[in-house]
Number of protein chains: 2
Amino acid sequence: MTGGPTEVAAILRQVLGDVGVLTGSDAAVRTVGGAEPVPLGADVVARPASTSEVSRVLAVCSELGVPVVPLGGGTGLVGGATAHGAVALSLERMRTIHEVDPADRVLVADAGVVLEAAQEAAAGAGLDLGLDLGARGSAQLGGLVATNAGGNGVIRHGMTRQRILGLEVVLADGTVVDGIRRMVKDNTGYDLASLFVGSEGTLGVVTRVAWRCSPRAPAKATALVSVPTFDAVVALLAALQTATAGTVSAYEVMWRSFYDLVAVESGRHRPPLPADSPFYVLTEVEFGSSSDAGERFAEVVRAMVDAGHVTDAVVAHTAADREALWAIRDDIPALVGALGIRLAYDISMPIATMEGYLSDLGEALEERFPGSRLVVFGHLGDGNLHVTIGGPDEHADEVDELVYAPLAALGGSISAEHGIGRVKRAHLRRSRSDPEIAVMRSIKQALDPHGILNPGVLFD
Amino acid sequence: MTGGPTEVAAILRQVLGDVGVLTGSDAAVRTVGGAEPVPLGADVVARPASTSEVSRVLAVCSELGVPVVPLGGGTGLVGGATAHGAVALSLERMRTIHEVDPADRVLVADAGVVLEAAQEAAAGAGLDLGLDLGARGSAQLGGLVATNAGGNGVIRHGMTRQRILGLEVVLADGTVVDGIRRMVKDNTGYDLASLFVGSEGTLGVVTRVAWRCSPRAPAKATALVSVPTFDAVVALLAALQTATAGTVSAYEVMWRSFYDLVAVESGRHRPPLPADSPFYVLTEVEFGSSSDAGERFAEVVRAMVDAGHVTDAVVAHTAADREALWAIRDDIPALVGALGIRLAYDISMPIATMEGYLSDLGEALEERFPGSRLVVFGHLGDGNLHVTIGGPDEHADEVDELVYAPLAALGGSISAEHGIGRVKRAHLRRSRSDPEIAVMRSIKQALDPHGILNPGVLFD
């Protein structure tokens, strides 16, 4: 930083006014992160109220050589928004929903709009945003775009990237790139929007999004089922997709280790099924009519029992039933309470390799850290496992190695949905080849030649 | 070209052998394009048999400063593969399907594999490639990727970009970037695959693709319906999506101008519905069970009649019925025979603006070129219209202006699915802003600094 924080703040106040710049204790109280928040770390928080103000902030910081960390809801889990020595650029004052068009099924909104507000606006027009996750009350659209957020509905609706029709982005030097588009079909050159999606604030600041919504399904039916083998878990998904013409909207697999811990041991739930099955699947299917959805789904589930894919099942008949089933899957606090969060991993791999991978990992853990506990759940249809390990907290680097090292040979990924941020950047090479990283760096160099945007994220 | 074609061919023969290099009449007979093919124009056609041979061809051409035009099936419609003064790099000898995995629903194949062969391989594993178009018998996966191909199933399965999990690409200098991934969820840096998809051969040569398939629906039901107003066309789509939980897999709208010409005047079909309706919609829905799909769809269609969205309908009960309905929608030869192909446009725009746009265009044509004929059909759910104009063939530039000029103000696109190529490059500015084009150019510069890949495509 060529100027100290005080000088930078003074210059930014000329651009944004007093309300647009936080310093001192107003900045110091800010935190980011999930279950165990950490300080944001910025001496200066810039809060522009418009795209042109974002442009001016970036032009100023670019000229001064001050690093800028774009800040959404601060709910990321990989340290992508910690801003020590940088100006944190928060979009929190840009939260207008400009348009919801039911014919084109598109929502156009400022990047600072909170997910839940966007979901409600879409629902009001008979649409489904196609994205949902636990942080819906604070995560902002811009942050969801910058991190290519996933969640429970990916099997039906894709990752955030697949929802984005167009973006308005401000580049490091303050150039406003208006790429707001509303059409699914627009083959006019490079897909700049997809490049910014998932770039974690390193290529530009997203200021406005055009979000592709889905038709809102009139009805969903939910069931928790016991599944006897991993092969049956895979076969069940295929059979469900076939029987419902591909309208499975959730397929959350809990290994017995997870169900035992969360549904039974924690004492926080009434276990809906006996704890004697190797796998439990929480699944949801969309239907076109609410009048017979429950009945039709129960029929499908009975066929799955007859086919041997399912040994026991509970179908939710009320909203309360449904919530009780989801409460088990979503009870991350119970998991964190029992095992801590230091050794929580978000990985993906081909489905055919999962059983072997987990068996090898379990053996390696038992050998190196006897008595450690391996708890697994995940979005199986997307190849995404959440793996939490209890015990060897003091040996995080060694455990990282045990978890990550086998993934490259399997074609797996060290980060399925959480991203790289600062926390995983040392491991990027495990999932990306040298030529890939070289191409990424050349794009970074082309768009942010002085490296002021979110330095330290993705790359060393 | 620093060496003449003869010298270049000689050097490439050392790399690829005689079978790998075509010159003289073997090269001269090659054509590209759709209904009216044009000469490929290359003096040298390089036909590598492996990724490492592609790499060597590019390294050689890069060193010699020889432009390279990547060539797929040559079925594009915007002059993206004409190769005058360049080496045409054909992937036709790379056509191995490496893997079809039903659990991950992924197909991994060489770029030279023809679409139909990939569709058949996927179907054999119970999967649906999610892409289909008229050129399926010759279009290659690499070309479909490079052009971000669309087609009739986009409403259900998205454009090609949404099917691509990972790509192997060779850069201009011969660097092989192995980005083959198989997971829907892999948040480890920039989305390089999406950048190459739709880049029309200007950033790299796609050599291998990992294609995300969909579950194959057990049954489809098809109907042709008469619709009384444009508002009803829009309402019908929303109602169908709701009633079927979003499993509408085709929604092809034919304006009366199209139906009159193709179904009636051409004498090539037995009109399944009277020619007295302003709109006809050919729609298809996926169902989970073949036993009752027809019956359930007929029920849905009856409800649409009751709701006033539909005035008349034919539901296909046999494969022959279905084919007869699609034959009308797909009878581009009848259209070309009557109107020529010079004035055929592929545009997109917000649905709410379509009626006004077409009415204004009709008036402008009638005023400037009295008696000219405007025929319209399209993939309405995707905002994509195909507009063909008969009459003022000798005034193509003026007609281009009438068709394209209003699109910018509507947020429309001059190319919905066909791309820019060389044919539309002068019009790129109508759909992309100067900052967007500047970003595209900076990416082009970063990946192909000497501009040897498909020069003249996209940019002047």
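**Close-up 1. Leu224(B) and its partners on either strand.** In this predicted model, Leu224(B) has Val314(B) as its bridge partner in E17(B), and Leu282(B) stands opposite Leu224(B) in E16(B). Strand E14 of chain B covers residues 219–227; strands here are DSSP E runs of at least two residues, helices are H or I runs of at least four, and both are numbered from the N terminus. Nine bridges tie E14(B) to E16(B), residues 279–287, in an antiparallel arrangement. E14(B) also runs antiparallel to E17(B), residues 312–315, with four bridges between them. Strands count as paired when DSSP finds at least two bridges. Eight of the nine residues of E14(B) are buried (under 20% relative accessible area; exposed is over 50%, partly exposed in between, with a 1.4 Å probe and protein chains only).

**Close-up 2. The open sheet of chain B.** Five strands line up as E7-E8-E12-E10-E11, with antiparallel pairing. E7 (97–101) and E11 (176–179) sit at the edges with a single partner strand each, so one side of each has no neighbour in the sheet. From one strand to the next, the twist averages 10 degrees. Zoom in on E8(B), residues 106–110, and E12(B), residues 205–212: five bridges join them, and Val106(B) stands opposite Arg212(B). Helix H4 (residues 115–124) lies across E7 and E8 of chain B, at about 35 degrees to E7(B). Axes are lines fitted to C-alpha atoms, for helices over the stretch in contact, with angles from 0 to 180 degrees between N-to-C directions.

**Close-up 3. H1 against H3 in chain B.** The axes of H1(B), residues 5–16, and H3(B), residues 51–64, come within 10 Å and cross at roughly 155 degrees. That makes the two helices roughly antiparallel (angles over 145 degrees; under 35 is roughly parallel, 65 to 115 roughly perpendicular, the rest oblique). Residues making the contact (heavy atoms within 4.5 Å) include Val8(B), Ile11(B) and Leu12(B) from H1(B), and Arg56(B), Val57(B) and Val60(B) from H3(B).

**Notes.** Residues are numbered from 1 along each chain as its sequence is written, and chains are lettered from A in the order in which they are written. Local features need pLDDT of at least 70, side-chain atom pairs count only at pLDDT 80 or more, and totals for chains, interfaces and linings use all residues, while side-chain values use heavy atoms, leaving out hydrogens and water.
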